Amino acid sequence: MICISLKAVAIHAPWCGHCRQLEPVYAEAAGKLKKEVPALRLAKVDTTEEKELAEEFEIGSFPTLKMFMNGDRKTPVDYSGKRTVEGITQWMKRRSGPGAPTLDSVKSAAQFIDAHNLTVVGFFHSVDSDEAKAFKEVSLEVTDVEFGLTATPEVFQEYEVKASSVVLFKKFDDGRADFLLPEDGKLEKSNLTTFIAENSMELIIPFSQESADKIFSSNIHLHSLLFINSTVESQKTLLVQSKVVAKEFKGKMLFIVIDVTAALSHVLTYFGVSEEDAPTARVINMDTAKKFSIASEDLTALNLSCCFVSSVLQPYYRSEEIPEDWDKKPVKVLVGKNFDSVTQNSSKNVFVEFYAPWCGHCKELSPIWDQLGEKYADHDDIIIAKMDATANEVEALTIDGFPTLKYFPAGGKEISDVCCGEKTTNFLKWTKSTFITLSPVCLTADIILTITRVECKSKEKRRPG
């Protein structure tokens, strides 16, 4: 007989896309926990069948994960970990475990620190203090690092700690990082969590599926990426030079190394880098999505440092070559290199679809967009166009979803966002019924007027509004 002491429940709805995405991950995590820790189990509830449960636990979004301990349904714990197999299993094990151990001797502290690649040790005057309690709460949330705490003077002395603080020990780079408590002695959990996240990564972070989550969730949004071929010894030496710069800009910029021989083609495509380009470097501002290029001859510690300090880097934007027949069909083909010359033509109203080749909504829209192009093919003042936004970029535009439809009125008037992603369904409904009456859900009043006037009074060549 198995005594189940702790259970996590996924509350879902069959129609929810995020629920369907989580389902195989959740099932794999359930199997792993059943095998490794039989007392930990995962379960799920379909809210279309169990509406009373959804009301009892005030479920407002899907999927929602809650943990129930020892049969207590009054105070479940909301899941706060990563929605991955490893994230779910680590979170469950941490919650069900004994908690951060107390290191009451120099020997036990040394053994604990030596046993792990990353350890976070809290040095407090009492393991029952408010600071220690906050530390223990953080240890339940940050599950990819081992936590311990001590109030033993000999351990303080051994690790040269003079006052209450937290030390992150790591078997790379400088070996440790110290988090000093403020003068009032209060430990803010959010500040400690940020400290751990920023200092648990290497100065030069090898990019992988495992490290990607830490990189993208970091509070540091300026990233430098060094692309090298790991099979070329001379390129590997660039890591040493980059580490000098990484130390200088620690806390301001993340430094990431990408092996062009690894299975990371999607990353190379995004930055417009080929295997032959290595060694090369790129910088990206995650807030603006602007990318900057650093020439291979500038990949020295001194030049890199100068580039970052003086802000001499200029943004670059990817573009395919202009097709020879880009304007031969009713729907014109735009790329980065001809985008401005077409959309900024003072005598043309330009309607552009920004698409991704793999996007289902884009494929559904494609034949209708072709029909729209044919309908307006003989109008001198309107252009129907499309651009592959996965291979081409424009300085003034940020495309957040696919397909995105934007209208560029003649005369340099304000660009209008028509619709994006799943909202394109409204546009599809309109185009299937008529090319004149536009859905106000997607289209602004100005665009409705524009295309209606073009259709009904094209000779007048009126402008929106």
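Two strands count as paired if DSSP finds at least two bridges between them; strands are DSSP E runs of at least two residues, helices are H or I runs of at least four, and both are numbered from the N terminus. This is a predicted model, where local features need pLDDT of at least 70, side-chain atom pairs count only at pLDDT 80 or more, and totals for chains, interfaces and linings use all residues. Residue numbers start from 1 along each chain as its sequence is written, and side-chain values use heavy atoms, with hydrogens and water left out.

I start with β11, residues 254-259. Strand β9, residues 204-206, pairs with β11 in the parallel sense over three bridges. Strand β10, residues 222-228, also runs parallel to β11, joined to it by six bridges. Isoleucine 256 of β11 is the bridge partner of isoleucine 205 and of leucine 225. Five of the six residues of β11 are buried, so the strand is largely enclosed by the rest of the structure; buried means under 20% relative accessible area with a 1.4 Å probe, protein chains only.

Next, the open sheet. Four strands lie in the order β6-β5-β7-β8, with mixed pairing. β6 (146-150) and β8 (176-180) are the edge strands with a single partner each, so one side of each has no neighbour in the sheet. The twist averages 20 degrees from one strand to the next; angles run from 0 to 180 degrees between N-to-C directions, with axes fitted to C-alpha atoms. Helix α7, residues 189-199, packs on this sheet and touches β5, β6, β7 (165-170) and β8, contact meaning heavy atoms within 4.5 Å. The direction of α7 makes about 165 degrees with that of β8.

Note on methods
Buried < 20%, exposed > 50% of the residue type's maximum accessible area, 1.4 Å probe, protein only.
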